[in-house]
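Here are a few notes to read alongside the model. Have it open on your screen as you go through them.

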Amino acid sequence: MRQFNIAPLDKEAMEACRLRIDNLTKPIYSLAQLEAMAERIAGILETPQPANLKYGIFVVGADHLVDGPQNFQHGSESFPIIERFNAGTTATQGAGFKLNATVHVVDAGLESDTSHLEYIEQAKIRNGSHFFGVAPTLSEEATARAIELGFAYADKMHEEGVQAVALGNVGERSLLDALVVTATITGDTYESVLAETDCGPTVAQRATHIHSFVDPFDVSTDNIEHLLHVAGGIDISVLTGFVLGAASHRMVVVFDNAITGAAVLAAQAVNPLVREYVFPSAVYDELIHQAQCRYLGVKPYLHYGLNIDEGLGATMGLSLIDASMHMLNDMKTFVEADVHAAENGPGNERQVNKN
């Protein structure tokens with residue numbers, strides 16, 4: 001895996017940013033998470049008053065478990081989604097357009113051939129990853145290529161000037177790989193992140209089945225590249241490399257669902273400082289996603305009942321970051337507005353009336 005450096009947040013920039021926020025013409029601490037976002041972004045970008053951020057969206061296409069017994073679709077569900085991205089008609093692209101976001105949609109591992117789609121970037125590792133009941137999801141060489149592809153796109157988007165990026169994925173049968181990666185890193189049992197179903201095997205039976213496939217590979221947090229080789233699949237591996245690369249370039253990273261969350265977990269297992277650079281977005285009912293957020297110590301902000309991949313939740317999260325930047329730059333301080341600051345209450349020691 002490529003060597004890189006991830007630096008701590010700039011604490012001086014954060015304190016200066018916090019002082020400005022506390023002096024905006026509003027009750028102190030009243031904008032809650034918008035304030036916390038702006039303060040952390042100041043630390044990421046090393047400037048007390050970041051403004052006019054350049055946004056980006058990175059969506060990875062990859063199918064999972066292509067040689068497993070549950071592959072009935074053979075790309076028939078993921079291909080139409082990629083076609084919509086090619087046509088520019090997805091909700092993700094619509095939301096990104098409002099933010100003037102740079103969008104990269106990459107076929108790194110879809111089972112279908114997308115080479116004829118003009119606006120889908122081609123970087124195929126293979127046509128979907130294996131079912132780990134048959135073989136590791138990827139060869140060691142393919143895993144290394146997938147991680148490096150993520151690094152390369154982080155470099156590319158950094159060179160394009162992107163400062164805050166939303167992660168997304170398109171693909172079939174991705175949850176099982178996300179479950180194994182998540183449980184291995186968080187220490188949660190398979191039983192605790194599996195949902196009950198109305199028919200079929202029980203949670204305990206399904207957990208035992210997964211153990212029978214995974215345990216012989218001896219996965220652990222000691223070697224994240226080995227974990228991704230065994231059970232990560234293509235998109236999680238690419239996104240892991242991207243998150244590490246983005247953090248090394250001091251980029252803000254927004255994730256949403258269980259797949260992008262698995263990549264964030266894998267990246268922070270490689271370097272714990274990654275946690276400072278990532279933000280959650282949408283709330284999902286998915287137990288895997290909830291376990292990821294618990295482990296990272298974060299609470300998603302958007303309670304919209306989303307049940308979609310494609311990076312939509314993360315892109316909507318960019319809109320909250322944009323709102324925090326407007327708060328920081330469009331609101332005036334008491335001095336700028338020439339109004340009196342609080343003379344009592346919680347803000348009286350932080351807010352000032354004059355330069």
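1. Helices (H or I, at least four residues) and strands (E, at least two) are DSSP runs, numbered from the N terminus. This is a predicted model, where local features need pLDDT of at least 70, side-chain atom pairs count only at pLDDT 80 or more, and totals for chains, interfaces and linings use all residues. Residues are numbered from 1 along each chain as its sequence is written, and side-chain values use heavy atoms, leaving out hydrogens and water.

2. Start with strand β1 (residues 55-62). It pairs with strand β2 (residues 102-109) in the parallel sense over 7 bridges, and Gly61 stands opposite Asp107 in β2. β1 also pairs with strand β4 (residues 164-170), again parallel and over 7 bridges; there, Val60 has Asn169 as its bridge partner.

3. Now the helices. The axes (lines fitted to C-alpha atoms over the stretch in contact) of α2 (residues 32-45) and α13 (residues 312-330) come within 9 Å and cross at roughly 85°. That makes α2 roughly perpendicular to α13 (65 to 115 degrees, on a scale from 0 to 180 between N-to-C directions).

Conventions
Two strands pair if DSSP finds at least two bridges between them. Angles under 35 degrees count as roughly parallel, over 145 as roughly antiparallel, 65 to 115 as roughly perpendicular and the rest as oblique.
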